[in-house]
Amino acid sequence: MNKAQKIAWFNLIVLSTALCLSAIAIGVLYFIVGLPMRGALGGFGFMGVLGLLGLTPILFRKDKGKVQYDERDLTICRKAAVVAYAIFWVLFVAAAMVPFFVLGPDGIVSVTYLCAMVLGGFLTVTLLQSIVTLKEYGWRGKDGEK
Amino acid sequence: MAKSNLSNQIRRLRFENGEMTQQQLADRTGVTRQTIIAIESGKYAPSLPLAFRIARVFAVPIEQVFQYEGSEFRAHGSQQ
């Protein structure tokens with residue numbers, strides 16, 4: 001497994017953990033504690049786990065003297081980015097246009113909705129980029145090594 | 001990655017050149033072993049410079065390493 005695959009797996013695990021913990025927290029606060037939905041959304045605080053993504057440069061340092069990244073890695077990286085940003089753009093435009101059609105030209109959207117769009121966009125891009133990267137390398141990580 | 005129309009003789013050439021390992025070929029061409037594996041199995045079509053570097057390692061013309069198996073394309077106006 002090379003560096004790009006390790007980073008993709010790390011991103012996927014951190015994202016999944018953050019999403020699962022947030023979903024569980026919101027569920028517990030809403031259904032068990034009995035908070036109103038507005039209060040239960042405080043469970044999104046677990047999205048702070050995403051801060052672990054900032055450790056990527058420290059955790060996956062470059063080994064000296066060894067080729068870790070070549071033209072194939074670059075091709076895969078570019079393809080993953082193109083797929084991720086293409087889908088993100090469609091979703092972003094949809095998220096921006098749906099309120100217009102639902103609420104009308106004089107409708108009002110909460111500021112939280114804008115923040116959710118940004119967070120959702122970040123999650124979408126990171127998630128898709130990781131998935132496409134892993135798919136392109138082959139999920140097993142060894143890519144048919146013999 | 002998608003299968004390419006290129007077939008290659010890298011495995012045979014490696015063994016004919018002192019049973020060179022994939023890692024040794026990777027080191028001499030400046031790529032990762034994974035890339036050599038992907039090229040050998042036809043999952044990845046290398047760039048032209050990399051194809052030349054591989055051919056140079058084996059000291060053979062590039063056509064002896066890579067063969068194109070796709071349909072023939074003819075330029076407009078070319079003689080049949």
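This is a predicted model: local features need pLDDT of at least 70, side-chain atom pairs count only at pLDDT 80 or more; totals for chains, interfaces and linings use all residues.

Chain B has five helices and two strands, in the order β-α-α-α-α-α-β from the N terminus. Among contacts in chain B with a separation of 6 or more, 60% are between residues 24 or more positions apart.

Helix 2 of chain B spans residues 22-29.

| Residues of helix 2, chain B | Class |
|---|---|
| B:Q22, B:L25, B:A26, B:T29 | buried |
| B:D27, B:R28 | exposed |

The buried residues of this helix line one face, because they fall within an arc of 100° when seen down the helix axis. B:D27 and B:R28 are on the other side. The cover over the buried residues includes helix 1 (10-16), helix 3 (33-40) and helix 4 (48-58) of chain B. After helix 2 comes B:G30, with a positive phi near 75°.

Chain A carries a nonpolar surface patch of about 970 Å², whose members include A:I24, A:F31, A:M37, A:L41 and A:F44. Helix 1 of chain A (residues 3-32) gives the largest share of the patch, five residues. A:L41 lies in the loop between helix 2 (37-40) and helix 3 (56-59) of chain A. Why does A:L41 count as partly exposed? Its relative accessibility is 40%, and the partly exposed class lies between under 20% for buried and over 50% for exposed.

Technical notes. Residues are numbered from 1 along each chain as its sequence is written. Chains are lettered from A and ligands numbered from 1 in the order in which they are written. Side-chain values use heavy atoms; hydrogens and water are left out. Helices (H or I, at least four residues) and strands (E, at least two) are DSSP runs, numbered from the N terminus. Contact means heavy atoms within 4.5 Å. Patches are made of residues with over 30% relative accessible area and no salt bridge: like charges are joined within 9 Å, nonpolar side chains (Val, Leu, Ile, Met, Phe, Trp, Tyr) within 5 Å. Accessible areas come from the Shrake-Rupley method with a 1.4 Å probe; for residues, only the protein chains shown count as cover. A salt bridge is a side-chain nitrogen of Lys or Arg within 4 Å of a carboxyl oxygen of Asp or Glu. Buried means under 20% relative accessible area, exposed over 50%, partly exposed in between (1.4 Å probe, protein chains only). The arc is that of the directions from the helix axis to the C-beta atoms.
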